[in-house]
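Here is a briefing on pockets, surface and charge pairing. Look through the structure first, then read the points below.

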Amino acid sequence: AVNVVSPQPVTNKEFSRTLGGVLHRPALLPVPAFAVRLMLGEFAEVVLGGQKALPTVALRTGYRFRFSEVQNALEALLRNTKPSILKR
């Protein structure tokens, strides 16, 4: 089994802040945990608890990641989006 994840894990807070920066939009207020539990039920614990998966096998075999940091990956991913979504 191979975890297909970034070699640099980030928290949801850091991801949201970075995504907001790439989109030139403020990161909105966090959603309270009780609201997530209300919407998702038991699945909320997966979302709220998070995962720290690492690409151990990929790194051990010498796999080279195109993007090692979330900001670079998001910028490349969103580069070809509609101009109304991503204004520069």
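Arginine 37 and glutamate 45 join their side chains in a salt bridge, at 3.0 Å from N to O. The term covers a side-chain nitrogen of Lys or Arg within 4 Å of a carboxyl oxygen of Asp or Glu. This is a predicted model: local features need pLDDT of at least 70, side-chain atom pairs count only at pLDDT 80 or more, and totals for chains, interfaces and linings use all residues. Residues are numbered from 1 along each chain as its sequence is written, and side-chain values use heavy atoms, with hydrogens and water left out.

**Salt bridge**
- The structure holds 1 salt bridge.
- Arginine 37 has a relative accessible area of 40% and is partly exposed.
- Glutamate 45 is also partly exposed, at 46% relative accessibility.
- Buried means under 20% relative accessible area, exposed over 50%, and partly exposed in between (1.4 Å probe, protein chains only).

**Nonpolar patch**
- Val31, Met39, Leu40, Phe43, Val46, Val47 and Leu48 make a nonpolar surface patch of about 650 Å².
- Patch residues have over 30% relative accessible area and no salt bridge; nonpolar side chains (Val, Leu, Ile, Met, Phe, Trp, Tyr) are joined within 5 Å, like charges within 9 Å.
- Areas come from the Shrake-Rupley method with a 1.4 Å probe; for residues, only the protein chains shown count as cover.
- Helix H2 (33-40) and H3 each supply at least two patch residues.
- H3 has the largest share, 3 residues.
- Methionine 39 sits in helix H2. Methionine 39 counts as exposed because its relative accessibility is 62%.
- Helices (H or I, at least four residues) are DSSP runs, numbered from the N terminus.

**Largest pocket**
- The largest pocket holds about 840 Å³ of space.
- Its lining has 24 residues; Thr11, Asn12, Lys13, Phe15 and Ser16 lie nearest the centre.
- Helix H1 (12-22) and helix H3 (44-49) are the elements that give two or more residues to this lining.
- H1 gives the most, with 5 residues.
- A pocket is an open set of points on a 1 Å grid over the protein atoms alone, where a 1.4 Å probe fits, with protein on both sides within 12 Å along at least five of seven lines; lining residues have an atom within 4 Å of a point.
- The lining counts 14 nonpolar, 7 polar and 3 charged residues.

**Second largest pocket**
- Its volume is about 260 Å³.
- Of its 14 lining residues, Val5, Ser6, Tyr63, Phe65 and Phe67 are closest to the centre.
- This lining has 10 nonpolar, 2 polar and 2 charged residues.

Note on methods
Points joined across faces, edges and corners; volume = space filled by probe spheres on them. Nonpolar A, V, L, I, M, F, W, Y, C, P; charged D, E, K, R; others polar.
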